[in-house]
Amino acid sequence: MGDVHADPFREQHRRPFSAHKQILGGSFLFESDSVALLHVVDEAYGGLPAHHLAPSAPPFRIELRLVLRNVASTGEPLPVQMQSSGGMLCGIMDACNYTILMPEQHKALVVASEDMLRRPYHLRYELIEFAVFTLASRGLGLVPLHGACVGRNGRGVLLLGASGSGKSTLALHSLLHGLEFLAEDAVFVQPESLLATGVANYLHLQADALRFVEDERAWRWISRSPVIRRRSGVAKFEADLRQGYGRLAGTALALAGAVFISNQAADDGRALLQPLPEHDIAHRLAADQPYAAGQPGWSRFEQQLRRAGVYQLHRGRHPRASVDALLQLLGE
């Protein structure tokens, strides 16, 4: 109690453990009182290619603090609620699990209860990743997109579409057929250069995606991966991309264009890729990316992407046909 009265805000709180990570083109310092929390960080960001976008950007600092839960926890963690005020952003599950960000200071505090260590999926994506992604996008001036990205020889294709449209499946088959993997679920783009970066740690796939996986080694890799359950209730394999299956993009990729993935089969199997009408591009992009469309840099990003090319990709009889279409867009 004496410590509480002397330091009620825990300003003198010791953080004896630390780790440095190069993520999304930025340098991150993670500090914590808990080895277990830093282990979660390493599981998420260890072994990733180090992308560099802005050499002069200041480093980011994230403190991770482990606390005891004062009320028994049962069931799934509560959904994160977002709040903001006075230059601070907050993501709050409950009184013992929350993230506070100060983007202008390039800092964040992540507080997690000990029982959340048994729920690494929620801890990683809803608290730690929230801090990393938000600090990087705002501190480095990146446009944050919900999408995937694959490429080759320094060029990439942005894969867009609603949940369930097949982005992850196409990203998987792109990986299996020799393309470099940049990101599955979140892509961050410099609006002027269209350089894209991401985190190539995990690939999330539903069981039915395995029916087109003909490589036995890859099939075993996915089918033996842990299963996570999304907030929507959908169960997916969480396959670690760092286990040597395919190539991860070693540098940021310059976008050669974007494709909206359609669930509809193509009328002509030889023409899966069709350019979007010019008058439809702005609306489609904004509707698909409502958060990004309100962020600084969106107008320039849209202009540059329009010049690169935005397409509709219809479904072929086999995902390999869609991969071939992406290769055409990459000029190969």
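Why is β3 largely enclosed by the rest of the structure? Seven of the eight residues of β3 are buried, where buried means under 20% relative accessible area with a 1.4 Å probe and protein chains only. The model is predicted, so local features need pLDDT of at least 70 and side-chain atom pairs count only at pLDDT 80 or more, while totals for chains, interfaces and linings use all residues. Residues are numbered from 1 along each chain as its sequence is written, and side-chain values use heavy atoms, with hydrogens and water left out.

**View 1. Strand β3 and its parallel partners.** Strands are DSSP runs of E of at least two residues, numbered from the N terminus, and two of them pair if DSSP finds at least two bridges between them. Strand β2 (residues 26-32) runs parallel to β3 and is joined to it by five bridges. In this pairing, S32 stands opposite L64 of β3. The pairing of β3 with β7 is also parallel and extends over seven bridges, with L66 opposite A112 in β7.

**View 2. The second largest pocket.** A pocket is an open set of points on a 1 Å grid over the protein atoms alone, with protein on both sides within 12 Å along at least five of seven lines; lining residues have an atom within 4 Å of a point. The second largest pocket has a volume of about 590 Å³, a volume being the space filled by probe spheres set on grid points joined across faces, edges and corners. Of its 21 lining residues, F9, E63, R65, L109 and V111 are the closest to the centre. Strands β3 (60-67), β6 (97-102) and β7 (107-113) each contribute at least two residues to this lining. The lining comprises twelve nonpolar, two polar and seven charged residues; Ala, Val, Leu, Ile, Met, Phe, Trp, Tyr, Cys and Pro count as nonpolar, Asp, Glu, Lys and Arg as charged, and the others, Gly among them, as polar.

**View 3. The largest cavity.** A cavity is a set of grid points where a 1.4 Å probe fits but cannot get out; two cavities of 30 Å³ or more are counted. The largest cavity has a volume of about 40 Å³. Its lining is formed by Q22, I23, L24, L48, P49, H51, T197, G198 and V199, and β1 (17-23) and β13 (195-198) each supply at least two of the lining residues. Five of the residues are nonpolar, four are polar and none is charged.

**View 4. The second largest cavity.** This cavity has a volume of about 40 Å³. Among its lining residues are F181, L182, A200, L248 and A249. Eight lining residues are nonpolar, two are polar and none is charged.

Methods:
Helix = DSSP H or I, 4+ residues; strand = E, 2+ residues; numbered from the N terminus. Buried < 20%, exposed > 50% of the residue type's maximum accessible area, 1.4 Å probe, protein only.
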